[in-house]
Amino acid sequence: MSEEKRLHPITTVLNALKTLKEAFIPILILVFLNRGEAESILDYLPFFIMGAMIILFLFLGVIKWWRFKYWIEEGELRIEQGLFVKKKRYIPFERIQSLNYTEGILHRPLKLVKIKVETAGSSSNLDSEAELTAITKQEADELNRIISAAKKKLKEEQSELVEGEEFVEQEPKEHILYKMSPKDLLVMATTSGGAGVVIGGILIFLSQFGEIIPFEAVFAELIDFVEAGFLLAGIVAVLVFFVAWVIAVGLTFLRYAHFTVKLVDKDIVITRGLLEKKQTTVPLKRIQGITFDQNVMREPFGYTSVTIESAGGSVLEKDSNAIRLLPMIREKETYAILNQILPDYHWKTEFTGVPKRALKRYIFWKMLFSLVIIGPVSYFFFPLGLASLVLIPLAVILGWWQYKTAGWSASRDQLTLKFRGISKQIVYMKKKRVQSLEWTQTIFQRKGDVATIHSTIKSYTSGSHSSIAHIAKEDADLMMDWYSPEAEVKKVHEPGLVPDTNTP
């Protein structure tokens with residue numbers, strides 16, 4: 001691949017579609033602002049301008065495609081691009097962490113893929129280190145093979161091989177860890193709250209056309225319909241939710257169909273998608289932490305989702321740092337899979353909870369927040385607003401629930417935090433991956449001798465944060481001692497710290 005190559009010509013179409021997508025809202029606004037009767041040709045001027053801009057964007061897209069070249073030379077991926085100013089970018093193989101594949105609707109019939117190049121320092125950038133919008137799958141695989149082989153050879157040379165021993169390229173070992181079944185996809189769509197999101201999205205979309213849709217007449221008809229028969233209205237409501245659920249299931253299948261997790265050498269390779277197929281590669285050494293997430297609908301049935309916090313990626317790219325490793329799986333089934341990926345983590349651990357004196361604090365702050373909502377709602381929407389009083393018992397239940405969930409555990413080299421907003425989360429962090437650990441204490445907490453612990457691991461530009469409120473102050477001190485570089489090994493066996501049973 002030493003000769004210069006261009007992207008597939010379909011790139012010009014993809015660039016045009018991307019431009020049109022970004023301009024969709026302005027075009028839509030322009031259409032509705034000019035929906036009155038035209039009195040002269042000048043009334044059509046905005047449309048002429050928009051049409052000229054679209055043609056210009058298409059032309060610039062062709063030029064941009066023609067100016068884009070890439071090739072491999074001297075252990076580097078080299079890219080030359082630029083519309084008016086020529087730019088050259090040289091990316092050494094040793095800096096390349098992964099090549100992530102995406103196959104869109106226009107890619108798949110032509111057997112093309114889009115490649116995003118992630119490097120060791122790309123977490124500080126606002127975009128991928130480099131992107132090849134459309135190349136053949138064969139070229140992508142060849143590029144991946146060359147880079148992987150070169151990196152392995154470099155490692156062998158750095159480890160001072162015996163003189164005369166030749167480097168032999170080997171096929172990477174591949175092991176399938178998990179495949180998502182249609183049953184799990186169905187459970188995932190049903191328990192994700194996707195139906196509510198669909199209905200909410202439709203309502204938000206309709207709210208943008210308040211001047212066109214006669215909402216008052218619609219609501220009047222709706223009230224008459226409800227008064228005519230509550231049973232019929234209930235049936236219609238059920239049908240609406242059923243349709244929304246079907247849409248949510250369809251969207252889930254489109255996104256997560258054929259979800260597969262493989263272990264390829266020292267990389268995790270995740271593939272998913274029906275219409276748009278995506279392949280994400282995560283080097284094991286970039287994993288900063290693991291999060292278990294259980295929402296209120298999944299928790300009673302023992303289902304959870306597992307997310308990887310990975311260093312690097314792009315801030316502007318969805319799922320580039322927080323990567324869904326296991327979207328829907330029974331919690332008891334996760335440990336066998338995770339032990340194959342990260343055998344040095346301790347998944348089953350005993351947690352130290354928050355003290356009993358913290359219960360009233362959890363409940364008080366939830367009730368205070370609910371009263372802030374209840375007051376104005378009850379006043380401005382009296383008497384129907386009084387229905388908001390139901391938030392008080394809900395706040396008490398949520399506060400008690402958060403109190404019962406909160407807990408922490410620390411071993412020789414791992415910190416585990418368990419907490420709840422509404423969903424329960426368990427975050428597993430290795431000590432060497434923790435960027436910072438601190439505790440804070442308000443005036444009110446000082447009276448109860450409790451504090452809030454905050455931990456940060458590297459993810460995105462600002463890090464991924466976890467915290468537990470109202471833990472015992474002595475427990476906060478124990479965790480700070482555990483994290484301190486000067487901490488003695490004997491600290492591991494102090495009360496509140498769970499010994500590392502996996503270490504002899």
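Glutamine 445 counts as buried because its relative accessibility is 4%, where buried means under 20% relative accessible area, exposed over 50% and partly exposed in between, with a 1.4 Å probe and protein chains only. The model is predicted, so local features need pLDDT of at least 70 and side-chain atom pairs count only at pLDDT 80 or more, while totals for chains, interfaces and linings use all residues. Residues are numbered from 1 along each chain as its sequence is written, and side-chain values use heavy atoms, with hydrogens and water left out.

**Glutamine 445**
- Glutamine 445 lies in helix α12 (residues 443–448); helices (H or I, at least four residues) and strands (E, at least two) are DSSP runs, numbered from the N terminus.
- Apart from neighbours within four places in sequence, glutamine 445 contacts Arg361, Thr440, Val450, Ala451, Thr452 and His470, contact meaning heavy atoms within 4.5 Å.

**Nonpolar cores**
- The largest nonpolar core has 32 residues, and those with the most contacts inside it are Val261, Ile268, Ile290, Phe292, Leu325 and Trp347.
- Such a core is a set of buried Ala, Val, Leu, Ile, Met, Phe, Trp, Tyr and Cys residues joined through side-chain atoms within 4.5 Å.
- Strand β13 (residues 322–330) supplies the largest share of this core, five residues.
- A second, separate core of 23 residues includes Ala358, Tyr362, Val427 and Ile468.
- In soluble globular proteins, nonpolar side chains tend to be buried together.
- Not counting residues up to four places away in sequence, phenylalanine 292 touches several residues, among them Val306, Tyr335, Leu338, Trp347 and Ile426.

**Helix α9**
- The buried residues of helix α9 (residues 331–341) are Glu331, Thr334, Tyr335, Ile337, Leu338 and Ile341.
- These buried residues pack against β7 (174–179), β9 (267–272), β11 (287–294), β12 (303–310), β13 and β17 (424–430).

**Helices α10 and α11**
- The axes of α10 (residues 359–380) and α11 (residues 391–405) come within 8 Å and cross at roughly 150 degrees; axes are lines fitted to C-alpha atoms, for helices over the stretch in contact, and angles run from 0 to 180 degrees between N-to-C directions.
- That angle makes α10 roughly antiparallel to α11, since angles under 35 degrees count as roughly parallel, over 145 as roughly antiparallel, 65 to 115 as roughly perpendicular and the rest as oblique.
- Residues making the contact include Tyr362, Lys366 and Ile373 of α10 and Ala395, Trp400 and Tyr403 of α11.
- Leucine 394 is found in α11 and is partly exposed, with a relative accessible area of 48%.
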